[in-house]
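Here are my notes on the model, point by point. Please read them with the structure open.

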Amino acid sequence: MLSTKKPRKPVHPEKELRFTRAHQAVLFWGLATLFACLSAALFLAASDHLNALETRERLVNSPFWGFLPIFPALFFAWVAIHLTRHAFLILTPLGIEIFPFWKPKQNLQVLYWAEIRHAELDEGADVLVIHLAGEGDSRVIISLDPIKLERRLLLKRAIEGRMAGESAAT
């Protein structure tokens, strides 16, 4: 049985910032469109109206060939919707929640603000480097490719503001 759970509504949405994988979803929307067009082309190639103009044999013997690309198109559309709706990074009052691509509920990682010593995010960079407090130089490196370029500036401002608030509190 397929689970049709929708993402949970946050308790205090005004206190968190969500960043989705919308930039990655563009690729899957393109693939879904490509396979849908391929399906339509196969249906047209098998139709009597298109082949009535020509005296040659049909390019495709059966319109059922048009159903084959529909399944990848639906799959890619589902992936694109999933990437657009579900979070990649969430900045909360407690810390940063990181959701991986595969099994996000099981592999969720939470970095609390108290254990973050420093966070780096350059404007042109594609990575967020979070230095953790503790022994040695432990860090978490997060690729920001899934986040749109415009949203990276918001992420940078939010993290810098929070880190400035943390340093002022200590």
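1. Gly134 is exposed, because its relative accessible area is 58%. The cut-offs here are under 20% for buried, over 50% for exposed and partly exposed in between, with a 1.4 Å probe and protein chains only. Gly134 sits in the loop between β6 and β7. Its C-alpha is 8.7 Å from that of Arg117, and the two residues are 17 apart in sequence.

2. A word on the source. This is a predicted model, in which local features need pLDDT of at least 70, side-chain atom pairs count only at pLDDT 80 or more, and totals for chains, interfaces and linings use all residues. Residues are numbered from 1 along each chain as its sequence is written, and side-chain values use heavy atoms, with hydrogens and water left out.

3. Confidence comes next. pLDDT is the predictor's confidence in each residue, from 0 to 100. The protein chain has a mean pLDDT of 79, and 79% of its residues reach 70 or more. Helix α3 (residues 70-85) has the highest confidence, at a mean of 92, and helix α2 (residues 48-51) the lowest, at 61. Over residues 1-5, pLDDT stays under 50. For that stretch the model has one contact beyond four places in sequence; contact means heavy atoms within 4.5 Å.

4. Now the fold. The protein chain has four helices and seven strands. Both are DSSP runs numbered from the N terminus: helices are H or I with at least four residues, strands are E with at least two. In sequence order the pattern is β-α-α-α-β-β-β-β-β-β-α. Take the contacts between residues at least 6 apart in sequence: 51% of them join residues at least 24 apart.

5. Burial and surface. Of the 170 residues, 31% count as buried. The protein chain exposes about 12100 Å², and carbon and sulfur atoms supply 62% of that area. Accessible areas come from the Shrake-Rupley method with a 1.4 Å probe; for residues, only the protein chains shown count as cover.

6. Which residues have the most contacts inside the largest nonpolar core? They are Leu89, Ile96, Ile116, Ile130, Ile142, Leu155 and Ile159, in a core of 21 residues. Two or more residues each come from β2 (87-91), β3 (95-98), β5 (116-120), β6 (127-132), β7 (139-143) and α4 (149-169). Another core, of eight residues, lies apart from this one and includes Ala32, Val79, Ala80 and Leu83. A nonpolar core is a set of buried Ala, Val, Leu, Ile, Met, Phe, Trp, Tyr and Cys residues joined through side-chain atoms within 4.5 Å.

7. Two residues deserve a look for their contacts. Leaving aside neighbours within four places in sequence, Ile130 touches Ile96, Leu111, Ile116, His118, Ala119, Ser138, Arg139, Val140 and Ile142. His131 is in strand β6. His131 is buried, at a relative accessible area of 10%. With neighbours within four places again left aside, the contacts of His131 include Glu115, Arg117, Glu120 and Asp137.

8. The structure holds three salt bridges. The criterion is a side-chain nitrogen of Lys or Arg within 4 Å of a carboxyl oxygen of Asp or Glu. Asp126 and Arg152 pair at 2.9 Å, N to O. Asp126 is in the loop between β5 and β6 and Arg152 is in helix α4, so this pair ties together parts 26 residues apart in sequence. Arg152 also meets Asp145, at 3.9 Å, N to O. Arg152 is buried, at 7%, while Asp126 is partly exposed, at 37%. Asp145 is partly exposed, at 39%.

9. In the remaining pair, Lys156 meets Glu160, with the closest N and O atoms 3.8 Å apart. The two are four residues apart in helix α4, so about one helical turn separates them. Lys156 counts as buried at 17% relative accessibility, and Glu160 as partly exposed at 45%.
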